[in-house]
Amino acid sequence: MSSAATGNTQSGGNPSYDAQQPSLEQADPEMYEIMQREQTRQFKGLELIASENFTSRAVLECLGSVFTNKYSEGLPGKRYYGGNEFIDAMEELCIKRARAAYKLDAEKWMVNVQPYSGSTANFAVYTALLQPHDRVMGLDLPSGGHLTHGYYTAKKKISATSIFFESFPYHVDSKTGYVDYDELERNAKVYRPKMIICGASAYPREWDYKRLRKICDDVGAYLFCDMAHFSGLVATGILSSPFDYADVVTTTTHKSLRGPRAGLIFARKELEERINFAVFPSLQGGPHNATIAAVAVQLREVATPAFASYSRQVVSNSQRLASALMARGYKLATDGTDNHLILWDLRPLKLTGNKFEYLCDEVSITLNKNSIHGDTSALTPGGVRIGTPALTSRGMKEEDFDKVAEFLHRAVQIGVAIQKQLSEEAAAAAASAASSNPDAPAPAAPRKAPIVTLVAFKQAVHSNQEIQALKKDVEKFATTFMMPGFDVTKLKYKE
């Protein structure tokens, strides 16, 4: 066998790094191709999904590091495996930086940095502080809430939170779009929940933590804030902090924090043992050490003036985009935004969010369909959610978001025209069918407008000549901006 194959060719026959180990391109060309195409997609497109961001090269290096190799069940100094002295140092550094990011006193606040995601962090909180069938109240999903805050429908319990606990939602006001704290207070006094959850995945305004704290005190409930979406804006002081009022706070680390995909739990010190036990051994096994290291690296960046400037720009860009769309006559939930996202109500245009999401994908704009208060389906909702963190990470400023607004305007006008044409064609077909059968009984009620299916809409998008022109313009614009994390001059696929 060749010396290169054994890896024992250095002087003295000692084991050494095998310089002949294949690269990803050599070891798995199929996966390498997929990765290269995804890099090109990110570079050429406009990423407007509010929960996504572009992280740094340093974070990506941690994610592909030797920390991946180590098992470390337990907490620093209390592991079930040996060989964890450097893992302990890494995790302790992450905990220290997490507290520092939010200016928390170590005597008053504990931090667990091991959750695999925001959803698992949330369920660890429930596991720690609630008994099965205890009552919780969270913002309803069509009002902008998150699945893990207890969502269910009339026919099915969707979230594990609603399966294992009793959930009763609160809502935004149907006219203003703001959280209806009066409704929440009235219902909480009747329902008497053990926990009230604040924070959301599609709510463009600040939270009244002081009011929430009073409601919780009145009914004897924990106040739990899930700040996953806006935690970067809290860390930099752009938004108010929940830590002055909440008992427990969770966050993801990849949205406005711009780190890897993971979760964090902060809790009052007296809850430390219960929170830690819920994370491990109750719910998780070994921590993902490479991810925790990457979180620590990003938390160091969060403490810098540059990141504070970035956070201010995120909100400024979001407000500029909101103003630009409203100036064109479009309806936004709450008529604006305080944070990194806007919620665009497409119902006045008679266009569903899933259709507009698909059309935007076809022109290299990525956003997501989203429920608007009053919607009954999350799959065919009445709006889309748009966020500015990712494009701000690429260096875009207010004037660039004027251009983004123009692209969105062009896209929605194409969608409206397609929808109208298909509706007219369907109505004509229905009328023709009715006239061909004069003996058929007259309908008891006026016929509803024919439904334009997503399949028909997609087919029309593919044959629309304006789509390719818009895509070309979007990609020409997008590729003038830098890309964090990787060198765009080395892209395999530039076209």
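At what angle do the axes of helix α6 and helix α11 cross? Hello everyone, let's start there. This is a predicted model, where local features need pLDDT of at least 70, side-chain atom pairs count only at pLDDT 80 or more, and totals for chains, interfaces and linings use all residues. Residues are numbered from 1 along each chain as its sequence is written, and side-chain values use heavy atoms, leaving out hydrogens and water.

Now the helices, which are DSSP runs of H or I with at least four residues, numbered from the N terminus. The axes of α6 (residues 118-129) and α11 (residues 272-283) cross at roughly 115° and come within 8 Å; axes here are lines fitted to C-alpha atoms over the stretch in contact, with angles from 0 to 180 degrees between N-to-C directions. The two are therefore roughly perpendicular, a label for 65 to 115 degrees.

Who touches whom? With contact meaning heavy atoms within 4.5 Å, the α6 side includes F123 and V125, and the α11 side includes R274 and I275.

On to the aromatics: the whole structure has 18 aromatic pairs, counting Phe, Tyr and Trp rings (the six-membered one for Trp) with centres within 6.5 Å. In one of them, F243 and F266 have ring centres 5.3 Å apart and planes at 85°, so this pair is edge-to-face, meaning over 60 degrees. F243 is buried at 4% relative accessible area, and F266 is buried at 0%; buried means under 20%, with a 1.4 Å probe and protein chains only.

Finally, back to F123 from α6: ring pairs link F123 with Y126, F164, F165 and F224 into a cluster.

Conventions:
Angles under 35 degrees count as roughly parallel, over 145 as roughly antiparallel, 65 to 115 as roughly perpendicular and the rest as oblique. Rings of Phe, Tyr and Trp (its six-membered ring) pair if their centres lie within 6.5 Å; planes under 30 degrees apart count as stacked, over 60 as edge-to-face and the rest as tilted. Buried means under 20% relative accessible area, exposed over 50%, partly exposed in between (1.4 Å probe, protein chains only).
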